[in-house]
Amino acid sequence: MPEMDPTDHDIAELGPKIKDIDDEAELEEMLALEEGGEGRDPVVTLIEDRLQKVSGDDEGSDPASIDLTESTIADIANMIRGIDDVEVLQDVLEREKEGKNRKGAKSRIEKKIDDLQENDEEAEIEYAPPEERYPELDHPTNDKQYVEGTVDGEYRDMWVYCETQQGALIDVSREMLGKARELMDGYNEAYDESETVVAVLVGDEVADLAEECLAYGADRVVYHEDERLDRFRHKPYTEIFCHMCRDWGPGWRDYHEPRYTLFPATNNGRDLSALVQGELDSGLASDCSGLYIEAADISNPAKTGTPGESRTFERVLHMKRPDFSGFEYSTILCIDKPHRDFHPQGASVIPGSFEIPEADAEAEGEVFEHDTDLPEEWFHIEVTDYDQLEDGVDLAGNEVVVALGRGIGEQPTKGMELGLELVDVFEEADLGLSRGVITASYEFDTHVEEYVTEERQVGESGQVVEPELYIAAGISGAIQHKVGMDESDTIVAINTDPDAEIRDFSDYYIEGDLFEVLPRLTEALKEGELSRVVAGVDDD
């Protein structure tokens, strides 16, 4: 029995722990337990990947003479990777059945055989549209005007949806404009093009924000104003954006659809991005934290059209997003197929992922008003009353974030007071909290209770911050919290546990009680004697 039973843990807990296991036998046992239990695909993949890293590569082994009973499943997977002879694989499969008869080993060999046989049968892929291949099915997109299988369409420009609140651009809109400017400048230089950044504004009285969009990086601004659009509405916002970029006919938009689209990964932005990309019959990489444009070598026959063939796709937007609760990062590509283009390549961007650029007051560009009739049925729901928060909390706009975790549990009110006192020492700082504080049943005195709100939460289900300095007091460093702050320039952690996970990704780790360390830190900063706070702390 392995020390850790994967069936007792979720994927977020397994991710950081499994990378420390180097025993093949233990990993094999864990894999068997998972496959014999829930058989969760992400967990199986994690264990298999670790097995392959630990076992090394045995491609040089002779499949006809190797003793399978002495080989791990990872050994067999590595061995068959380079075998293209179905008969040899069938022999290996029979010997495994006669030997240990392991489910994991058999499934890998059988999959390899199936892949080879499928490739032989599909040397040339003959395309037929879904409605011809499956005429008996009711296709839900039959009445959709733009399911058109466009091939080699013309696509240009990067369109950026700029969300507004209270008549102003929100910070992530400025971030995206700056990043779009950077991406398209590099794109135009690399491909000798002159494609542009197009900012999109939708709402009531948004025309006045056009100049600001130009200042933050847009070449053109397209806006649609209507007093009925003062609040976000799914149907009209989707239809307006799609009409702007696909059906509208200003002289400069002489292409089929945009090459790229960007949206904020806010509540409204997530909704709009999915609706727009679906209406434009393309894909969406949601909640991205990194973007770059370069070529991609693809061998997937669904994309190349021919099994065994590799093809280089140019001008691909690589969209990086956190997976497995931030333990891994995936790069999503939206690649055309032989008989259908997938454009625009679209992404939603996590607020705080990019720097807000310096506004260029001298920037010049073009501003266009979009005009189309908005049917009354798009506004059949009327908002008669709503509450509005007086102030929001934007942790991402601070140079310093002081975050408190469950370590305040013994004296929660005092812990909050100490954190707020430290915040006051800095010029641009604010207080953040871990999810543990938000969900705990601590009793706070009135004067600090107002700070315990979900909008101060840092992490996967809260805000993502990248301050110059992040001070984490009493926070263990769970993956869900890490994904919200691990891009900070400098991380200082304070914890009584010498083995807390946050130690692994902190720049400075103070092993101590936050109730003792925070007052000393605050006093030292006030007196300009920070060095004495860490006196006696070793380099470990």
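The buried residues of helix α13 are covered by elements that include β13 (400-404), β14 (429-433), α15 (446-449), β15 (469-473) and α17 (514-527). The model is a predicted one. The points below treat this helix, an open sheet, and a pair of packed helices.

**Helix α13**
- The buried residues of α13 are Pro412, Thr413, Gly415, Met416, Leu418, Gly419, Leu420, Leu422 and Val423.
- Helix α13 has 14 residues (412-425), and at 1.5 Å a residue these should span 20 Å; the end C-alpha atoms are 21 Å apart, which agrees.

- Strands of a sheet pair through backbone hydrogen bonds, in either a parallel or an antiparallel manner.
- Here, 7 strands form an open sheet in the order β7-β11-β6-β1-β4-β5-β12, and their pairing is parallel.
- At the edges stand β7 (284-288) and β12 (366-369), each of which pairs on one side only.
- On average, neighbouring strands of this sheet are turned by 20 degrees against each other, direction ignored.
- Strands β1 (residues 155-161) and β4 (residues 197-203) run parallel and are joined by 4 bridges.
- Tyr161 stands opposite Val200 in β4.

**Helices α10 and α11**
- Helix α11 (residues 267-279) lies across β1, β6 (257-264), β7 and β11 (345-349), and runs at about 160 degrees to β6.
- Helix α10 (residues 234-247) packs with α11 at an angle of about 50 degrees, and their axes are 9 Å apart.
- This angle makes α10 oblique to α11.
- The crossing of α10 past α11 is right-handed.
- Among the residues of α10 that meet α11 are Tyr237, Phe241 and Arg246; their counterparts in α11 include Asp271, Leu275 and Glu279.

Conventions
Residues are numbered from 1 along each chain as its sequence is written. This is a predicted model: local features need pLDDT of at least 70, side-chain atom pairs count only at pLDDT 80 or more; totals for chains, interfaces and linings use all residues. Side-chain values use heavy atoms; hydrogens and water are left out. Helices (H or I, at least four residues) and strands (E, at least two) are DSSP runs, numbered from the N terminus. The expected span of a helix is 1.5 Å times one less than its number of residues. Buried means under 20% relative accessible area, exposed over 50%, partly exposed in between (1.4 Å probe, protein chains only). Contact means heavy atoms within 4.5 Å. Two strands pair if DSSP finds at least two bridges between them. Axes are lines fitted to C-alpha atoms, for helices over the stretch in contact, and angles run from 0 to 180 degrees between N-to-C directions. Angles under 35 degrees count as roughly parallel, over 145 as roughly antiparallel, 65 to 115 as roughly perpendicular and the rest as oblique. A crossing is left-handed if the near helix is turned anticlockwise from the far one by less than a right angle, and right-handed if clockwise.
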